[in-house]
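Reader: I have a structure to read and would like to go through it one feature at a time. Can you take me through it, general idea before particular case?

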Amino acid sequence: MGMEEKPKKLLILYASQTGNAIDAAERVGREAERRGCPVSLLSIDDFDPSCLPEQEIVIFVVSTTGQGDNPDSIKVFWKFLLQRNLTQNWLSSVSYAVFGLGDSSYQKYNFVAKKLDKRLSNLGATAIVERGLGDDQHPSGYEGALDPWMSTLWKAIYQKDPKLFPKGPECMTSNMSLMDQPKVQITYHDVDEGALQFSSIPDFKLLEMQIESTRFILPGKLSGKHPPDCFLKMVKNDPLSKADCGKDVRHFELEAISSSVEYEVGDVVHILPGQDAAAVDAFIKRCNLNPESYIRVEPRDNKENGQSHDLRNTLKVPMRLKTFVELAMDVASASPRRYFFEVMSYFATAEHEKERLQYFASPEGRDDLYEYNQKERRTVLEVLEDFPSVQMPFEWLVQLVPPLKTRAFSISSSHSVHPNQVHLTVSVVSWTTPYKRKRTGLCSSWLAGLDPQKRVLIPAWFQKGSLPAPPPSLPVIVIGPGTGCAPFRGFVEERSLQSQSGPTAPLLFFFGCRNEENDFLYQDFWLFHSQKGGVLSEEKGGGFFAAFSRDQPQKIYVQHKMREQSVKIWNLLTEGAAVYVAGSANKMPSDVLLAFEEIVSKEGGVPKEAAVRWLRALEKAGKYHVEAWS
C-alpha cells in the first residue's frame with residue numbers, strides 16, 4: 001500500500017431550533033470519540049445533500065418545532081430529499097440512525113424525526129437502529145431516551161464496521177485523558193484600546209454591533225443570530241388581568257426607535273431580554289473575572305469540519321467582559337446541561353465536590369441530576385455557588401453557559417393601524433419550584449419591569465409565524481383562549497380597517513378565560529367590534545363567544561361554546577372558511593380539533609372517520625392553522 005488510508009469519520013448531522021438538538025448531537029459525538037471513533041459534526045445546512053449517497057453511516061439528530069414544523073436549518077435539505085427524480089435505491093449504500101427531540105404534549109410529537117426516518121428508508125437507506133424519540137415530558141427530558149438509544153447504536157455501528165471502534169463499543173477512553181479543548185479562545189486587550197473605539201457611536205448602533213458580535217456563539221443558525229431588525233422602546237405597560245387574581249397578564253405597546261417596523265398580522269416578534277444586573281455581577285464575582293477587562297472571543301479554528309462561517313463572526317472589536325456576559329450568557333435563568341457538570345468535575349479541587357459532579361455526569365446519576373438541576377430549574381450561578389471549589393476558565397464558561405436566547409411572542413396589533421408600533425399580550429411567568437424557590441420567566445418579567453418613561457433599548461427580530469394573514473374576502477373561524485387571543489386582536493384591527501373601504505368576510509371568534517371579572521382580556525375591544533356593524537357582529541355573519549371556565553360549578557371551555565354554535569361553524573366551513581387556533585399547547589388544540597370533528601360529523605351527516613379526513617384535507621389545503629406554546 002502506498003498512501004496511508006485516511007481514518008473514517010462518523011458523520012453526525014443536526015437540525016436545531018433552540019439548541020437542544022445541538023447539545024444532543026455534541027453528546028453523541030463525544031461518546032463516539034471516547035470509544036476511539038473520529039467524528040465529523042455538522043449543522044445540516046452546512047452539509048451538501050447531494051453528497052449523501054457517498055456516506056456509509058450517518059447519524060441524524062433533529063428537533064421538531066411548533067406544530068410539527070421543521071427547524072429552519074433542515075428546510076433546504078428536506079426540500080432536496082423530496083425531489084421526485086430521486087430513485088428508491090438512491091441511498092442503497094447508506095446506513096443511518098435518527099434521534100428526534102420533541103414534546104409529547106404536542107399533537108405532532110417528533111414529527112420531523114418520524115418523516116425523515118420514513119423518507120430515508122423510502123430512498124433505499126438502511127436504519128441500523130430503530131429511531132430514538134426524546135421527549136421533553138420525560139422526567140429526565142430527552143436524555144431519558146438518548147442514553148439507551150446510544151447504547152444500542154454503538155453496538156449496531158460496531159457490527160456494521162468494527163474499524164470505527166478499535167477496542168469495541170464498550171471500551172472507553174478515561175474521561176480525564178480526553179479533557180476536550182474549549183471551542184473558543186479569548187484574547188484580553190488594553191482597556192483604553194477597547195473603550196476608545198466606542199466613544200462616538202450612538203447607543204443603539206453600538207448595541208447592534210455588540211449583539212451581532214456576540215450572537216456567533218449561538219451554534220448553527222439560530223434565531224437572532226444577525227443584527228436585530230430594529231430596536232423598540234416601551235411606551236405603554238398596562239395590566240390586563242385584575243390584581244391578585246393569581247395571574248399577571250400585560251398589554252405592552254412598543255415603538256420603533258432605530259428603523260421602521262415591518263410585519264403582518266399573525267407574525268411573531270423575537271425579543272432579546274435584559275438580565276438582572278445583580279445576578280450578572282454575582283456571576284462575574286463568583287468566577288473571579290474582571291468586569292472591566294476588554295476581550296475578543298473567537299472560535300478555535302475548526303478547519304476539519306469546514307466551519308469557517310463561524311470565524312466571520314468573531315468579535316470584530318474588543319468588548320467589555322461584563323457586556324459580553326450580559327448579551328451572550330444566560331447566567332441566572334437557564335439550567336446548565338449535563339456536560340457542564342462533567343467539565344466542572346475536572347476543575348473541582350474539593351474531593352467530595354468532584355465525586356458528586358462525576359456522579360451527576362454519569363448515566364447512573366442522571367435521575368438525581370434531573371431532580372437537582374432541571375426539575376428545580378437551577379441556574380448556572382446557583383450551581384457554581386453550590387460547588388465553591390470549582391474555578392472554571394472563562395473559555396469553558398463561554399462555551400458551556402447556555403446562550404442568552406431570544407423569546408418569541410405573537411404580535412397583537414395590525415401594522416396598518418399602528419405603523420410604527422408593535423403590541424404584545426404577555427402573561428408574566430412565575431412559579432414555585434419543588435424546593436419552594438420563587439422563579440420568574442426571564443423575558444416576561446423583564447418586559448413587565450420596564451418603565452415607559454425610560455428609554456431602554458429592546459432588540460427585536462420579526463418572523464413569519466404559523467398564522468398567515470387572511471385576505472379580507474376569506475371567512476375565518478378563530479379560537480384563542482387566554483393570551484392565545486393576541487394574534488386575533490391584530491386580525492380584528494386589520495379587518496375593521498379593511499371594512500371601511502370595502503366588503504369583508506365574516507369573522508367568528510371563540511375566546512376563553514377563567515373568570516369574566518378577573519382575566520377577560522381586551523373585553524371592551526371585543527365587545528366594541530361585536531356591536532352593530534362591527535367585524536365581529538352577527539349581522540356581518542360573524543360573532544364573539546366567550547367561555548368563562550370557573551364562573552359556574554361545571555367548567556366551560558371554548559370547545560363547549562363551539563358545539564353550541566355548530567350550525568354557524570358548519571355554514572362558514574362550507575363557505576370556505578379558514579380555521580385559526582392559538583394558545584396553550586397542553587390539551588386545548590386537540591380538544592378544539594375534536595370539537596370540529598364532532599361538528600363536521602353532526603352537521604355534515606357523515607361518520608366520524610369521514611369528518612377526520614375532511615379536516616385533514618382542510619389542513620393540507622392550508623386552511624387549518626395552529627400556533628401553540630407550552
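**Cysteines, charges, cores and annotated positions**

Author: Start with the cysteines: a disulfide needs two cysteine sulfur atoms within 2.5 Å, and by this rule the count here is zero disulfides. Cys230 is in none, as the nearest cysteine sulfur, that of Cys443, is 14 Å away. Cys485 is in no disulfide either, the nearest cysteine sulfur being that of Cys513 at 9.3 Å. Bear in mind that this is a predicted model.

Reader: Are Cys230 and Cys485 buried or exposed?

Author: Buried means under 20% relative accessible area. Cys230 has 2%, so Cys230 is buried. Cys485 has 0%, so Cys485 counts as buried as well.

Reader: Next, the charged side chains. How many salt bridges are there?

Author: The idea is a side-chain nitrogen of Lys or Arg within 4 Å of a carboxyl oxygen of Asp or Glu. The count by this rule is 35 salt bridges. One of them joins Glu342 and Arg34, with N to O at 2.2 Å. This pair links distant parts of the chain: Glu342 belongs to helix α9 (residues 338-347) and Arg34 to helix α1 (residues 20-34), 308 residues apart.

Reader: What is the exposure of Glu342 and of Arg34?

Author: Glu342 has a relative accessibility of 9% and therefore counts as buried. Arg34, at 3%, counts as buried too.

Reader: How exposed are Glu371 and Lys375?

Author: These two side chains meet in a salt bridge as well, at 3.8 Å from N to O. Glu371 has 38% relative accessibility and so counts as partly exposed. Lys375, with a relative accessible area of 38%, is therefore partly exposed.

Reader: Now the nonpolar side. Which residues touch the most other members of the largest nonpolar core?

Author: Read a core as a set of buried nonpolar residues joined through their side chains. The largest one has 41 residues, and Phe283, Met329, Phe340, Phe394 and Leu397 touch the most other members. Helix α9 gives the most to this core, six residues. Leaving aside residues up to four places away in sequence, Phe394 touches Ile186, Tyr188, Leu289, Ile295, Leu321, Phe324, Val325 and Met329. There is a second, separate core of 30 residues, and Ile12, Ala25, Leu146 and Leu164 are among its members.

Reader: Where does UniProt place the feature "binding site"?

Author: Treat such a label as an annotation that may be inferred rather than shown by experiment. The unreviewed UniProt entry places it at Arg377, Arg407, Ala408, Phe409, Ser410, Gly441, Leu442, Cys443, Ser444 and Trp629. These positions are spread over 253 residues of sequence and also in space, up to 25.3 Å between C-alpha atoms.

Reader: What does Phe409 touch?

Author: Phe409 lies in strand β13 (residues 407-410) and, at 15% relative accessibility, counts as buried. Beyond residues up to four places away in sequence, Phe409 touches Asp267, Val268, Val269, Ile271, Leu424, Val426, Cys443 and Leu447.

Notes: Residues are numbered from 1 along each chain as its sequence is written. This is a predicted model: local features need pLDDT of at least 70, side-chain atom pairs count only at pLDDT 80 or more; totals for chains, interfaces and linings use all residues. Side-chain values use heavy atoms; hydrogens and water are left out. Buried means under 20% relative accessible area, exposed over 50%, partly exposed in between (1.4 Å probe, protein chains only). Helices (H or I, at least four residues) and strands (E, at least two) are DSSP runs, numbered from the N terminus. A nonpolar core is a set of buried Ala, Val, Leu, Ile, Met, Phe, Trp, Tyr and Cys residues joined through side-chain atoms within 4.5 Å. Contact means heavy atoms within 4.5 Å.
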